[in-house]
Amino acid sequence: MKTSYQKPKIAIALPGINYLPDTTYVLNTLPIVRHLEKEYDVTLIFRTILKPDNLKYQYLTILNSSEVSPHEKNKGSAYFSPHGTISALRYGKILNKFAKANAQKFDLVIERQWSLVGLLSSAFQHYGVPSIFINEAEFYTNLHTKIDWRSSFISQLSTVIFQKILPYFRRKWIKNSSSIIVETEQMKHFMLEQKYTEDKDKIYSIPNGIDPSIFYPRDRQSCRQLLDIDSNAFILTYIGSLNRFIQEPAPLIKALGGLQHNKIIFHIVGDGIKRQELENISKQYNSPVIFQGKIAQDKVPLYIGAANLCVAPYDKTRFPNNQFTSASLKVVEYLACGRPILTIPCERMNHLLDGGKYGFLVENNLDSYQAFFQDLHNIAEVQKKETNLINDLKKSTLSSKQIVMTWHDIADMYKKVIKETLN
């Protein structure tokens, strides 16, 4: 470890993020930085900055504004991912050049999840900087490309080759890393079972946290009044992406369309590239869905507070062997707001819902949802779960079980990994 600085210099890199202030990966990174700065000199690394929005932290960008195409600027997407071998190699060269130019500035680099997570860490390690990368899931082992013969043959071939060789490089990056942070114990077990690494001591499980000044139980009717929501309706709330990747609300939308229950209303808060598809499904099935679009962060807890039941409709098939390994920020925020959850049955959700004490575990498909809502004639069971949840929040039961933790708690876990990696 270098000793020329009073505080160790740490970089937290998001090489797949074009900075926008309301991007999920930004929202669950900045709270950690605030706590880490007490012990470390922290610099954020983004691919580029699309909207500075008075970013108050030290930061670097991998690309300068002149290197970002007008098309990408106009598109304004926070997320970047190379889809073929050529674009991946091109960006890999850029990352290597960046690592070489900045290696002497840092004692440690932490690389956050993106489609090629591990690539930047590997580059920094090549120049003598220890690195940690955060691995949410091995989606890359489960990709299947549909050939569209109307598209460029070279482009199609590049994509197919890229998806074939990526798992090989993923294993190489994982084995060469100084340490790995995963979001769940389930992901740690998966990596050991699949022999991505045999060193269990280099894998640390750290989930997401919440800001207790934002996410806390609120009065339902007050929230509904502020949002102009029917005080007598049974409200479902979904907060999240409409990209239809890990999160897939389409089966739930379809199931609600067939119900003879005119008091259920489903509020969907968020945006994404598949929003129009989901709106079309809603119209086709005549579902009681209201698409709120992207809203200000301070309004998100109001929509959660207005709900009787919050939903997290994950698609397990996106994960290898259908093993859901993500931590789920949305479920933790729902719980912190004192609202029971409707989500998928899996080991991680069983833990978060304490075996069903705080919600319902239902497969994310049409038949399962239809059966669930047909049995939901009386909301007394939902109310009972909400009472259990709020009482346990008051007693700090969810904190002691590591179900709902603050970002301060999470930062302390990061500090432990950083210290052990640097020593």
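**Close-up 1. Strand S6 in the predicted model, with both of its faces covered.** Strand S6 spans residues 179-182. Ser179 and Ile181 are buried on one side, and Ile180 and Val182 are buried on the other. In a regular strand the side chains alternate between the two faces of the sheet.

**Close-up 2. Pairing of S6 with strands S5 and S7.** Strand S5, residues 131-135, runs parallel to S6, and four bridges join the two. Within this pair, Ile134 has Ile181 as its bridge partner in S6. Strand S7, residues 203-205, is also paired with S6 in the parallel sense, here over three bridges. Opposite Ile181 stands Tyr204 of S7. Between S6 and S7 the chain passes through helix H7, residues 185-193, in a right-handed β-α-β crossover.

**Close-up 3. The buried and exposed sides of helix H8.** Helix H8 covers residues 220-227, and its buried residues are Arg220, Cys223, Arg224 and Leu227. Viewed down the helix axis, the buried residues lie within an arc of 95 degrees, so they line one face of H8. Gln225 and Leu226 are exposed on the face turned away from the buried side. What do the buried residues of H8 pack against? Their partners are strand S8 (234-239), helix H11 (300-305) and helix H15 (380-394).

**Close-up 4. The two ends of helix H8.** At the start of H8, a side-chain oxygen of Asp219 comes to within 3.4 Å of the backbone nitrogen of Gln221. Just after the helix, Asp228 adopts a positive phi of about 60 degrees.

Key: Residues are numbered from 1 along each chain as its sequence is written. This is a predicted model: local features need pLDDT of at least 70, side-chain atom pairs count only at pLDDT 80 or more; totals for chains, interfaces and linings use all residues. Side-chain values use heavy atoms; hydrogens and water are left out. Buried means under 20% relative accessible area, exposed over 50%, partly exposed in between (1.4 Å probe, protein chains only). Two strands pair if DSSP finds at least two bridges between them. A crossover is right-handed if, with the strands pointing away from the viewer, the path from the first strand over the helix to the second runs clockwise. The arc is that of the directions from the helix axis to the C-beta atoms. Contact means heavy atoms within 4.5 Å. A polar contact is a pair of N or O atoms within 3.5 Å; within protein, one must be able to donate a hydrogen and the other to accept it, and residues adjacent in sequence count only if both atoms are side-chain atoms.
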